[in-house]
Amino acid sequence: MNRLVLALAVVILSGAACRATNAADAQAATVDSNNYVHGDFGPPRGDPIHAVLTNPPNVPAPTFRNYPAKVIVELEVIEKEMPISEGVTYTFWTFGGTVPGKFIRVRQGDTVELHLKNNPNNKMPHNIDLHGVTGPGGGAASTFTAPGHESQFTFKALNQGIYVYHCATAPVGMHIANGMYGLILIEPPEGLPPVDHEYYVMQGDFYTTGKYREKGLQPFDMEKAIDEKPTYVLFNGAEGSLTGDKALTAKTGQTVRIFVGNGGPNLVSSFHIIGEIFDRVQQEGGTHPQENVQTTLIPSGGAAIVQFHTEVPGSYVLVDHSIFRAFNKGALAILRVDGPENKTIYSGKEVDSVYLGDRSEPNLAAVTHATKAATAGNLTKDDQIKAGQQLFTGTCSVCHQVNGEGLPGVFPPLAKSRIIAADPKRPIQILLHGLTGKVVVNGKDYNSVMPPMSQLNDDEMANIITFVLNSWGNPGGRITTEEVAKARAEPAPAAAAGH
């Protein structure tokens with residue numbers, strides 16, 4: 001009897017099950033030497049439940065149950081070619097056709113019957129290791145599945161938290177690097193506190209044979225993966241997956257909860273939202289939260305729950321604060337908050353392009369169209385101008401300004417530039433090799449540093465320059481991808497002077 005009283009008291013005082021469990025649950029719960037209550041709340045009750053799984057960035061509704069149930073989870077592995085960046089595709093291996101895989105939500109104490117199907121059109125065997133499983137391999141040994149077959153195993157969700165799942169078929173790193181990961185949430189028995197929005201974001205590092213944004217289908221590069229030198233670092237499997245018209249949304253005065261995972265396979269994430277402070281972070285998915293956090297580390301194969309309150313409208317940028325990953329490898333997403341201004345909290349003007357780069361436009365429709373037109377062989381100068389304008393807005397406008405006027409003494413004007421008029425191909429060399437030191441443009445002195453714009457590929461450079469040539473009183477004309485490629489292949493010129 002004393003053990004029963006102790007178990008019941010711990011359950012009540014710890015809050016682990018205070019509002020959701022009854023006396024039978026408390027009797028079934030086990031208490032270790034540290035008074036931690038494990039979630040074996042007895043056998044499942046009622047009819048089996050088929051879990052509702054969601055594609056990222058969506059999250060299934062809370063379970064809204066106060067008893068353990070048998071929950072059936074069905075996942076299908078699908079190998080498919082999808083975009084990884086603008087004009088770039090990759091053959092992803094997925095749980096359910098998306099990267100990350102479908103979000104799974106159950107309750108602590110549930111008995112989960114997991115079915116794993118391997119699509120008959122796939123070429124590889126696969127399995128699943130869920131970090132929320134207590135048992136050898138997290139289910140991997142029980143789910144090795146050949147194409148066209150199905151495997152099944154059952155586990156009890158003993159520990160609450162947010163957990164990564166991933167494929168663990170050899171070579172394990174390759175399967176994960178191809179996008180085979182996702183999150184499973186095991187709710188505490190009383191559920192999570194209600195919020196206005198819940199979102200699902202997962203970071204991953206990708207290794208392609210081609211360079212960053214090199215067009216076409218890019219295969220996996222094992223050597224880059226072993227050396228831990230990713231071509232892309234991405235949220236939700238694609239550059240721009242959560243920007244423009246696909247951005248996350250909220251309104252002022254709302255509470256947002258994001259389940260953030262890191263599939264890896266190699267890099268640790270320094271997760272940060274520019275312009276927000278996390279009110280509450282369950283670091284590494286653990287039970288005890290930290291408060292007032294600016295940036296939280298999420299290890300490869302780990303996850304966290306971050307929660308914050310929106311105060312003022314604007315575009316809030318989600319990044320890996322290992323910052324070159326955000327602006328030069330793709331680890332960038334947007335939360336767009338709408339609502340009335342609150343000048344007592346924030347009075348400054350918003351300049352999206354400072355942080356968003358070429359994702360500052362609502363979408364990149366003109367860039368997409370230009371890429372498709374170039375592939376089809378019917379790219380026009382007008383296509384290039386429109387695509388170049390979108391790229392210029394995010395890449396060049398911060399320094400040279402949206403009207404091309406530049407900043408006095410620092411950034412020279414592109415508008416009515418006599419340098420450009422004298423040699424329309426000169427901007428190719430400047431973009432490729434940069435420019436440093438004092439220059440004279442239109443009779444005025446400027447002194448600044450422009451680094452090589454090596455993150456731009458040949459067609460992006462061609463489109464930006466074509467836009468500049470046909471804007472702000474410049475002479476017109478057109479630069480082709482082939483001209484940029486030829487210049488790139490040539491040795492860098494001696495020290496350049498002037499814009």
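Is Trp-472 buried, partly exposed or exposed? Trp-472 is partly exposed, with a relative accessible area of 22%; buried means under 20%, exposed over 50% and partly exposed in between, using a 1.4 Å probe and protein chains only.

A quick word on the model: it is predicted, so local features need pLDDT of at least 70 and side-chain atom pairs count only at pLDDT 80 or more, while totals for chains, interfaces and linings use all residues. Residues are numbered from 1 along each chain as its sequence is written, and side-chain values use heavy atoms, with hydrogens and water left out.

Searching the whole structure turns up 14 aromatic pairs. Rings of Phe, Tyr and Trp (its six-membered ring) pair if their centres lie within 6.5 Å; planes under 30 degrees apart are stacked, over 60 edge-to-face, and the rest tilted.

| Pair | Centre to centre | Between planes | Type |
|---|---|---|---|
| Phe-392 and Trp-472 | 5.3 Å | 55° | tilted |
| Phe-467 and Trp-472 | 5.4 Å | 80° | edge-to-face |

The Phe-392 pair links distant parts of the chain, 80 residues apart: Phe-392 is in helix α8 (residues 381-395), and Trp-472 is in the loop between α12 (458-469) and α13 (481-489). Helices here are DSSP runs (H or I, at least four residues), numbered from the N terminus. Phe-392 is buried at 2% relative accessible area, and Phe-467 is buried at 7%.

Elsewhere, ring pairs join Phe-235, Phe-271, Phe-278 and Phe-308 into a cluster.

Terms used
Helices (H or I, at least four residues) and strands (E, at least two) are DSSP runs, numbered from the N terminus.
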